Amino acid sequence: MKWVQRFNGPERFLHAVVALLFLVLWSTGLCLHVEWLRESLGAWRFAVRTVHDWTGLLLMIVPWSLVWVWRQQLAAFFREMTHWRSMEVDFLAGRTKRAYKFNGGQKLNFLVAILLLTGMACTGFLVWKSQWISLQTREFLYNWHKLLFYLLSVQVVGHVFLAAVYKPTRHALQGMMRGRVLKTWAEEHHPLWKPEEGEEIGE
Amino acid sequence: MNEQERMTRRRFLKACGLGLAGLSLSGYMTYLFGGTSVKDVLKSTLGGTGADGFRALENFRINSVEPTPNVQLADYRLTVDGLVANPVTWSFAELKHALTEVEQVSDFHCVEGWGIKNVRWTGVKMRELIQQVRPMQTATHVTFYSLGGVYTESLSLAEAMEEETLLAYGIYGKDLPAPQGYPLRAIIPRMFGYKGAKWVYRIEFTDHQHLGYWERYGYNVDGVTAR
């Protein structure tokens, strides 16, 4: 079987950091939001809230610091992920199955995740550090934070389902876990993607 | 940069702009509906049932740290003591007889971030109670004690004397529901809800500020800034 390099070390590390911080934020957020979980926490609510707030701050700082530190190794990923061709729009419209390294769905997932996370970071930070805003504005932002939480939850569930559960696409997880995917899989799902020379790995 | 690439960048920016606009709109809609959960938003969107007041009451989240006490009104007593010239112990009927009943519409703000607009409280003003018990010159603060023996909160004398500081026993024209602090709770509308102790049975006047339950964990004593 022949394998090809899909993600390099910095890309996988960045994804792992974002995923870990997101998981802490999502689970602590759920504990603070779901009524019976909140009630059963009792005084632990304060500690959970503190973890939630500081993890949110870390999510605003750490990934961007990593992007800066590994800007050269990550440049190709960001260039491709944010570069939209008509083909990717056609992919979303179901008019083609062809794709370069990332298909239209993956690019949309990235875009939506960035937007939702940015929205959550801004609203969450201002709800936490509310001394600069009125209570009415704080409550407005809190509602927005919750709405983004619902949307992001749906999006992440979809992302995890396609990447780890749905049979036709779940091999993609290998790319994130091991950094490489089967060449046959890559040719089927990303036929226009030509891994750079030296990226093909035999086994 | 070729023509195709230039167009695709524009498409990317358009997508960002549309996404932000969509999120802003949906966030604003949620704010308008004042919902605290998906269910509330849907319920509000679909028209819901009951009067607005009672829908708002349902939207209150209960953040108690002690079990809701089972209060028999006949046995209930409110004690006001400490640094006062005229300490009192009132039954609920005596409390209502001694002080003037007022109705007050004010917003409720929770430190968690949610709030309820235009809550209609019924109760008595702390200011009038203070005038009746006549604090000594050394008294600077008041401490509220909850029936469960766990929760306490405090205000400065000046905060307790504010126009809108209330001892509430009714909400939306009815008795306070038990989880809301029946039969008596403190309401300070400009402060976060944690400053308003529920199930109040004792008010003590002191010469120092007593740190309340959540304040010992880290919330601010002023009740206005979160942390």
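**Close-up views of a predicted model**

**View 1. Arg134(B) is partly exposed, with a relative accessible area of 48%.** Partly exposed lies between buried, under 20% relative accessible area, and exposed, over 50% (1.4 Å probe, protein chains only). Phi of Arg134(B) is near 50 degrees, a positive value in a residue other than glycine. Arg134(B) sits in the chain B loop between helix H5 (126–133) and strand S5 (141–146). Helices (H or I, at least four residues) and strands (E, at least two) are DSSP runs, numbered from the N terminus.

This is a predicted model: local features need pLDDT of at least 70, side-chain atom pairs count only at pLDDT 80 or more, and totals for chains, interfaces and linings use all residues. Residues are numbered from 1 along each chain as its sequence is written, chains are lettered from A and ligands numbered from 1 in the order in which they are written, and side-chain values use heavy atoms, with hydrogens and water left out.

**View 2. Trp199(B) is buried, at 2% relative accessibility.** Its phi is positive, about 50 degrees, although Trp199(B) is not a glycine. The chain B loop between S9 and strand S10 (200–206) holds Trp199(B).

**View 3. A cis peptide bond joins Tyr182(B) to Pro183(B).** Omega is near 10 degrees. Pro183(B) belongs to the loop between strands S8 (174–175) and S9 (185–187) of chain B.

**View 4. Phe205(B) is among the core members that touch the most other members.** The largest nonpolar core has 67 residues. Helix H7 (residues 135–165) of chain A gives the largest share, nine residues. Such a core is a set of buried Ala, Val, Leu, Ile, Met, Phe, Trp, Tyr and Cys residues joined through side-chain atoms within 4.5 Å. Contacts of Phe205(B) (heavy atoms within 4.5 Å) include Val80(B), Leu83(B), Ile130(B) and Leu157(B), not counting residues up to four places away in sequence.
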